[in-house]
Amino acid sequence: MPTPNNHIIVLGAGVTGLTSAVFLVEAGHDVTVIAAHVPGDSSIEYTSPWAGAHWHTHATPEDPRACDWDVQTYEYWIGVLEREGRDGTLPKAGLKLYDSFKYWDFPVKEAIWWAPYVKEYRVLADHQEPFCSINGSTPEGAGKIQAAVVYRAVAVNVAQYLLYLQERARKAGAVVIKARLPVDQGLQHALEAAEREAMSKGRRKGDCFVNATGLGAAKLCGDETMYPIRGQTVLVKGEAATIFTRSGVDYGAYCIPRPGSGSTILGGTKEKGVWSETPDPKVTEQILKHAALNIPELMTGPDGGFEIISVQCGLRPGRHGGARVEIERVGGKRVVHAYGHAGGGYQNSIGSARLTLRLVEESLACAPVAARL
Ligand SMILES: Cc1cc2nc3c(=O)[nH]c(=O)nc-3n(C[C@H](O)[C@H](O)[C@H](O)COP(=O)(O)OP(=O)(O)OC[C@H]3O[C@@H](n4cnc5c(N)ncnc54)[C@H](O)[C@@H]3O)c2cc1C
């Protein structure tokens with residue numbers, strides 16, 4: 001008799017869970033995704049739809065794993081775009097390549113380790129655009145750009161990309177089940193509930209679980225190192241022609257076009273430990289004030305201001321010590337954790353999912369599973 005494929009139950013349908021599901025199912029495993037929120041849903045408990053999102057690495061040389069994940073994702077997304085360009089029948093992922101400007105209002109101290117890995121990286125001099133026109137129109141007393149670089153980077157239409165991942169996983173045979181798992185009686189109890197849920201839909205017991213529950217992992221497995229990093233953004237009409245991020249002395253600002261949507265995300269904040277989903281009108285004012293300096297071409301409203309579509313907050317799944325991607329044995333069940341990607345879940349996604357696939361296969365290959373490899 002042929003050996004049945006391993007059945008992997010993925011908890012979570014954010015960018016981390018769905019990318020892992022795609023890699024697992026395309027590697028030949030049976031996959032069931034179980035999540036309280038799936039693409040199309042909107043909830044403060046579901047971070048992925050709130051992201052900008054773009055490739056703009058936050059990894060530092062002290063964290064080579066995160067650097068590697070980001071480089072892998074950059075290369076993979078370029079490959080997706082090249083394939084879409086060659087074959088017009090492929091489903092569109094919602095990715096697009098832009099000039100991405102990075103501005104600093106102070107001398108650059110961080111290591112630009114990523115310069116060799118991105119396309120068309122160059123340093124801008126202060127007489128070059130848009131460096132000089134932004135500084136030229138900045139009122140006296142306000143911070144001016146002191147350093148700028150530009151390179152090619154991918155922006156993501158997050159709603160489209162999540163649906164694309166889900167459909168790609170389904171097409172390869174994965175089943176997606178919408179269900180909330182209990183969080184009050186420990187991870188083992190939640191895994192058993194996930195298994196019952198899968199079996200009630202005609203699936204088998206899980207041979208291995210992937211825990212991609214984002215900030216939900218704080219409760220699901222009692223991880224006290226998790227914390228929210230709240231980000232407030234403003235979605236405006238008009239699709240910017242370029243991306244920018246700006247590091248000010250006491251603020252951060254960014255502008256990320258949503259490919260194909262006729263809209264642009266303006267940001268934003270990074271407030272550690274703040275759980276509230278209610279936007280702060282003062283922050284909205286600040287976001288628009290900074291955007292007006294950097295991207296005035298989007299001010300197309302009848303009053304000369306931005307045409308606001310919505311104002312929202314999302315909670316990045318922060319974790320002291322970085323993302324947790326590792327094997328654990330929980331009451332005899334094999335689990336690969338994949339959560340805590342903070343502000344980089346999209347740009348981490350390919351490298352992180354490849355590691356998840358490798359750990360799932362490692363965990364299935366060794367019996368008994370070593371606790372905490
Ligand atoms: C404003 C903002 C801007 C951002 N910009 C960028 C960017 O430009 N680039 C970038 O790379 N990243 C960006 N991020 C970060 C990125 O969005 C996150 O890192 C990423 O979305 C995390 O995805 P995830 O799949 O790990 O978690 P989530 O998207 O939160 O998914 C968690 C999943 O687990 C499920 N779940 C949780 N608990 C349970 C339970 N008890 N039972 C069942 N299911 C459960 C949820 O329903 C959901 O399906 C940004 C985030 C924000 C908020």
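Me: The radius of gyration is taken over C-alpha atoms, and the globule rule is 2.2 Å times the number of residues to the power 0.38. What radius would a compact globule of 373 residues have, and what does the protein have?
Reply: The rule gives a radius near 21 Å for 373 residues, and the protein has 21 Å, so the two agree. This is a predicted model, where local features need pLDDT of at least 70, side-chain atom pairs count only at pLDDT 80 or more, and totals for chains, interfaces and linings use all residues. Residues are numbered from 1 along each chain as its sequence is written, and side-chain values use heavy atoms, with hydrogens and water left out.

Me: Thanks! What box do the C-alpha atoms fill?
Reply: Along the principal axes, they fill roughly 75 × 45 × 40 Å.

Me: And how many helices and strands are there?
Reply: Eight helices and 15 strands, taken as DSSP runs numbered from the N terminus (helices H or I, at least four residues; strands E, at least two).

Me: How much of the protein counts as buried?
Reply: Of the 373 residues, 54% do. Buried is under 20% relative accessible area, exposed is over 50%, and partly exposed is in between (1.4 Å probe, protein chains only). The protein exposes about 16400 Å², with 53% of that supplied by carbon and sulfur atoms; these areas come from the Shrake-Rupley method with a 1.4 Å probe, and for residues only the protein chains shown count as cover.

Me: On to the ligand. Which residues come nearest?
Reply: T16, H37, S48, A342 and Q347, out of 39 residues around the ligand (a heavy atom within 4 Å puts a residue near).

Me: Which parts of the fold supply that shell?
Reply: Helix 1 (15-26), strand 8 (226-237), strand 13 (308-319) and helix 8 (345-365) each supply at least two shell residues.

Me: How does the shell divide by residue type?
Reply: Into 17 nonpolar, 19 polar and three charged residues. Here Ala, Val, Leu, Ile, Met, Phe, Trp, Tyr, Cys and Pro are nonpolar, Asp, Glu, Lys and Arg are charged, and the others, Gly among them, are polar.

Me: How far is the S48 side chain from a ligand oxygen?
Reply: An N or O atom in the S48 side chain is 2.5 Å from an oxygen atom of the ligand. A polar backbone atom of H54 is 2.9 Å from a ligand oxygen, and for a backbone N or O atom of G344 the distance is 3.4 Å. Taken alone the ligand exposes 1000 Å², and the protein buries 97% of that.

Me: Back to strand 13. Is R319 buried or exposed?
Reply: R319, which sits in strand 13, counts as buried because its relative accessibility is 18%. Its side chain makes a polar contact of 2.9 Å with the side chain of D223 (N or O atoms within 3.5 Å; within protein, one must be able to donate a hydrogen and the other to accept it, and residues adjacent in sequence count only if both atoms are side-chain atoms).

Me: What about T32, buried or exposed?
Reply: Buried, at 0% relative accessibility. T32 is in strand 2 (residues 30-35), and a 2.7 Å polar contact joins its side chain to that of R203. Beyond four places in sequence, T32 contacts residues including I9, V175 and A198 (contact is heavy atoms within 4.5 Å).

Me: Last one: where does L90 lie?
Reply: In the loop between helix 2 (64-86) and strand 3 (95-104). L90 is partly exposed at 32%, and it touches R83 and E84, not counting residues up to four places away in sequence.
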